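Trainee: I've got a model open and I'd like to learn how to read it. Can we go through it feature by feature?

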Amino acid sequence: MTARRPVDTGGEMARLERDRRTATRQHGNHITIPLTPASVAPRMVEVNLVGLSIGALLTLTAVALHLSKGTGWNPTTDISQEVLERRAESVPETDFPEPMNRAIGAGGGGAVAAGAVAGEGEGAELEGGEAAAEESGPWDVPDDEAETFEIEYAKEGDTIEVKENETVLEAGEDEGWDLPYACRQGQCVSCAGQITSGGNSEEYVVHDDQQMLDDNELDDGYTLTCVAYPKSDFTIETGEAP
């Protein structure tokens with residue numbers, strides 16, 4: 001029977017230590033130590049455990065955020081319609097017709113006179129509680145009582161009869177003529193014309209609150225046909241502004 005050779009563990013350990021020291025090399029300030037399988041395994045296990053821990057933590061955080069209800073969000077109330085209604089209430093209504101882009105002179109549709117706002121207070125109650133009486137004029141005359149005058153429209157090449165309760169502009173439109181106008185309220189010069197019969201235009205027409213022509217322009221025969229009611233025969237050139 002062969003006797004078993006005893007294991008010299010002390011000599012084996014000494015050999016390994018000698019090999020490790022022999023393998024250690026110095027390069028400048030850096031020391032390179034070869035890693036043996038026995039020293040690498042514990043480090044790999046440690047790194048793997050740290051990575052798994054971080055991954056598990058991130059996964060739990062994502063799940064928690066996904067399942068949380070949060071504070072919620074309520075859409076704001078749409079107030080655009082309310083704003084539009086308030087603006088509409090603040091704008092005064094007018095009876096102006098749609099302009100036909102036939103304005104004469106600067107401003108396209110004509111400039112509003114500075115005195116237009118000042119006259120806004122007319123019609124307010126007078127002292128003592130009595131209301132101001134509205135001014136009467138030829139526009140209040142009934143058709144069957146209205147006097148008729150002959151007006152020659154020079155540019156249109158025709159003379160027509162116009163009642164005193166009808167404006168020069170309306171009479172021309174009744175004939176199918178495309179006469180210029182914009183506001184139809186005497187607040188621009190788009191409908192202006194010139195009476196060529198001589199003298200001040202108000203010798204031939206009654207103006208219903210015209211606010212654009214001064215005395216010199218009236219003396220030159222200019223009139224606003226949209227608010228001009230005839231009171232005599234005359235000749236007019238439409239589309240003429242001062």
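Trainee: Let's start with β9. How many of its residues are buried?

Mentor: Keep in mind that this is a predicted model. The general idea first: in a regular strand, side chains alternate between the two faces of the sheet. Now the case here: β9 is mostly covered, with four of its five residues buried.

Trainee: Which strand pairs with β9 in the parallel sense?

Mentor: That's β3, residues 148-153, joined to β9 over three bridges. To find your place in the pairing, look for Tyr-153, which stands opposite Ile-236 in β9.

Trainee: And which strand runs antiparallel to β9?

Mentor: Strand β5 does, again through three bridges; β9 itself covers residues 234-238.

Trainee: What does Gly-193 stand opposite in β7?

Mentor: Thr-223. Strand β5 (residues 192-195) and strand β7 (residues 222-224) run antiparallel and are joined by three bridges.

Trainee: On to charges. How many salt bridges does the structure hold?

Mentor: The general idea is that side chains of opposite charge can pair when their charged atoms come close. This structure holds two salt bridges. In one of them, Lys-155 pairs with Glu-240, and the closest N and O atoms are 2.7 Å apart. That pair links distant parts of the chain: Lys-155 lies in the loop between β3 and β4 (158-163), Glu-240 in the segment after β9, and they are 85 residues apart.

Trainee: Which side chain does Arg-184 meet in a salt bridge?

Mentor: Glu-173, at 3.1 Å from N to O. Here Arg-184 sits in the loop between α5 (168-174) and β5, while Glu-173 is in helix α5, eleven residues apart. Arg-184 is partly exposed at 24% relative accessibility, and Glu-173 is partly exposed at 28%.

Trainee: What about greasy spots? Which residues make the nonpolar surface patch?

Mentor: Val-50, Ile-54 and Leu-58 make a nonpolar surface patch of about 290 Å². Start from Val-50, which you'll find in helix α2, residues 37-67. The same cut-off of over 30% applies, and Val-50 passes because its relative accessible area is 47%, so it counts as partly exposed.

Conventions:
Residues numbered from 1 in each chain as written. Predicted model: local features only at pLDDT ≥ 70, side-chain atom pairs only at ≥ 80, totals over all residues. Heavy atoms only, no water. Pairing = 2+ DSSP bridges. Helix = DSSP H or I, 4+ residues; strand = E, 2+ residues; numbered from the N terminus. Buried < 20%, exposed > 50% of the residue type's maximum accessible area, 1.4 Å probe, protein only. Salt bridge = Lys/Arg side-chain N within 4 Å of Asp/Glu carboxyl O. Patch = residues over 30% accessible without salt bridge, like charges linked within 9 Å, V, L, I, M, F, W, Y side chains within 5 Å. Areas by Shrake-Rupley, 256 points an atom, 1.4 Å probe, with all protein chains shown as cover.
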